[in-house]
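Here is a short walk through one protein model. Keep the sequence and the 3D view side by side as you read.

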Amino acid sequence: MNLVFKALSDPTRRQVLQLLRYEPMTAGALAEHFPVSKPTMSAHFAVLREAGLIDADKVGSTITYRLQLSVLEDALLAFAETFGIGLSATVEKLDEHPAR
């Protein structure tokens, strides 16, 4: 879980995830959206892959990234539950106050 939050802590990586919400994109197409070097973008992609937030397919020299939404959803649900928000909190409240 810490790897997910580390990955989400950077605005560039959050923007990469936003771009991938719509469709898979190549590394080059993603890099065009940012004023940083390709090695810097590669480092961002590595952090996102390590956290399981994106998946990569390599065909020849082209790498295509896609969002792994289930990992992001799990992280956000766990984060919400930490603060008493979400399904677990609702179930606990129902258990405390059963229907009459």
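Start at Gln-68. Leaving aside residues up to four places away in sequence, Gln-68 touches Gly-52, Leu-53, Ile-54 and Asp-55. This is a predicted model, so read each contact as a feature of the prediction. Gln-68 sits in the loop between β3 (62-67) and α5. Now look for Leu-48. Gln-68 and Leu-48 are 20 residues apart in sequence. In space, their C-alpha atoms are 9.9 Å apart.

Step back to the whole chain. The protein has 100 residues, and 27% of them count as buried. Its secondary structure comes to 6 helices and 3 strands. Read from the N terminus, the order of elements is α-α-β-α-α-β-β-α-α. Contacts can also be sorted by distance along the sequence. Among those with a separation of 6 or more, 51% join residues 24 or more positions apart. The accessible surface comes to about 6900 Å². Carbon and sulfur atoms hold 56% of that surface.

Next, charge. Side chains of opposite charge can pair when their charged atoms come close. How many salt bridges does a search of the whole structure find? The search finds 1. It links Arg-66 with Asp-57, and their closest N and O atoms are 2.5 Å apart. That pair qualifies because the cut-off for a salt bridge is 4 Å. Arg-66 is partly exposed, with a relative accessible area of 27%. Asp-57 is partly exposed too, at 35%.

Finally, empty space. Rolling a probe the size of a water molecule over the atoms shows where such space is left. The largest pocket holds about 160 Å³. Which residues line the largest pocket? They are Leu-8, Arg-14, Leu-17, Gln-18, Arg-21, Leu-67, Leu-69 and Leu-72. Two elements, α2 (11-20) and α5 (69-82), each give two or more residues to this lining. The largest share, 3 residues, comes from α2. By type, the lining divides into 5 nonpolar, 1 polar and 2 charged residues.

How values were computed: Residues numbered from 1 in each chain as written. Predicted model: local features only at pLDDT ≥ 70, side-chain atom pairs only at ≥ 80, totals over all residues. Heavy atoms only, no water. Salt bridge = Lys/Arg side-chain N within 4 Å of Asp/Glu carboxyl O. Buried < 20%, exposed > 50% of the residue type's maximum accessible area, 1.4 Å probe, protein only. 1 Å grid on protein atoms, 1.4 Å probe; cavity = no way out; pocket = protein on both sides within 12 Å on 5 of 7 lines; lining within 4 Å. Points joined across faces, edges and corners; volume = space filled by probe spheres on them. Helix = DSSP H or I, 4+ residues; strand = E, 2+ residues; numbered from the N terminus. Nonpolar A, V, L, I, M, F, W, Y, C, P; charged D, E, K, R; others polar. Contact = heavy atoms within 4.5 Å. Areas by Shrake-Rupley, 256 points an atom, 1.4 Å probe, with all protein chains shown as cover.
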